[in-house]
Amino acid sequence: ENFLELFERRVFLELGDIQNESLFEDKARADYWQNQIDVIIHAAASTNLLLSQDKIDPINVGGTGNILRFARKIPSKRLVYVSTYTVMGDKHLDADFILDEAHYDIGQGFDDMTYKRTKFISERLVRNAQDVDWTIVRPGQIFGESTTGKYPFSKPSVMGIFYDLIKTAVDTQLAIRSEYYF
């Protein structure tokens with residue numbers, strides 16, 4: 001059995017609205033999932049950097065709370081939470097700061113950073129869940145479709161802050177000067 005076959009046999013996606021507190025309340029569905037799941041990988045979130053706090057909180061914070069409630073119902077109580085390095089909030093402006101797991105809550109601010117704030121709060125919910133066996137992972141910036149790398153997914157009407165910044169730099173051949181060179 002190759003990796004893809006093993007993956008398809010063992011990994012299941014649950015489509016639904018994580019804001020919905022009753023997402024896993026259907027008795028037959030909940031019983032089925034509880035008996036099938038070894039680990040939950042929670043990667044659902046809105047990454048829209050322009051949403052107001054009242055629009056993004058129910059998705060990212062409320063959704064994480066709902067996933068934690070469900071994780072407590074499965075026998076293994078294992079959860080992998082997909083977070084982000086942006087939980088460092090305004091500390092990204094401090095050139096000498098290095099984020100590590102021992103420094104999760106370091107007094108960082110989140111003024112006008114709604115997405116970052118929700119990921120910080122959601123991660124705190126996970127970290128405080130002492131009755132759940134949790135792991136937090138932090139992928140870097142992810143762009144592009146998984147097999148071709150195309151961005152914005154062959155749709156010229158796709159907009160977004162990162163796409164707009166990159167497109168503007170390409171179109172004008174100008175970019176913000178940075179002291180950091182890679």
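## The second largest pocket

Three elements, α2 (27–36), β1 (40–42) and α3 (53–71), each supply at least two residues of the lining of the second largest pocket. β1 gives the most, with three residues. This is a predicted model.

The second largest pocket has a volume of about 740 Å³. Its lining counts 22 residues, and the closest to its centre are Phe12, Leu13, Val39, Ile40 and Ile41. By type, the lining divides into 16 nonpolar, three polar and three charged residues.

## A surface patch

Phe3, Leu4, Phe7 and Val11 form a nonpolar patch on the surface. Together they have about 420 Å² of accessible area. Phe7 sits in helix α1 (residues 3–10). Phe7 is partly exposed, with a relative accessible area of 41%.

## Salt bridges across the chain

Side chains of opposite charge can pair when their charged atoms come close. The structure holds five salt bridges.

One of them joins Asp38 and Arg10 (3.2 Å, N to O). This pair links distant parts of the chain: Asp38 lies in the loop between α2 and β1, and Arg10 lies in helix α1, 28 residues apart. Asp38 is partly exposed at 46%, whereas Arg10 counts as exposed at 52%.

Arg78 pairs with Asp133, with the closest N and O atoms 3.9 Å apart. Here strand β2 (residues 78–82) holds Arg78 and strand β3 (residues 133–137) holds Asp133, 55 residues apart.

Arg127 forms a salt bridge with Glu123, at 2.9 Å between the closest N and O atoms. The two are four residues apart in helix α4 (residues 114–128), so about one helical turn separates them. Glu123 is buried at 0% relative accessible area, while Arg127 is partly exposed at 22%. Glu123, Arg127 and Arg138 are linked in a network of salt bridges.

Definitions and conventions: Residues numbered from 1 in each chain as written. Predicted model: local features only at pLDDT ≥ 70, side-chain atom pairs only at ≥ 80, totals over all residues. Heavy atoms only, no water. Patch = residues over 30% accessible without salt bridge, like charges linked within 9 Å, V, L, I, M, F, W, Y side chains within 5 Å. Areas by Shrake-Rupley, 256 points an atom, 1.4 Å probe, with all protein chains shown as cover. Salt bridge = Lys/Arg side-chain N within 4 Å of Asp/Glu carboxyl O. Buried < 20%, exposed > 50% of the residue type's maximum accessible area, 1.4 Å probe, protein only. 1 Å grid on protein atoms, 1.4 Å probe; cavity = no way out; pocket = protein on both sides within 12 Å on 5 of 7 lines; lining within 4 Å. Points joined across faces, edges and corners; volume = space filled by probe spheres on them. Nonpolar A, V, L, I, M, F, W, Y, C, P; charged D, E, K, R; others polar.
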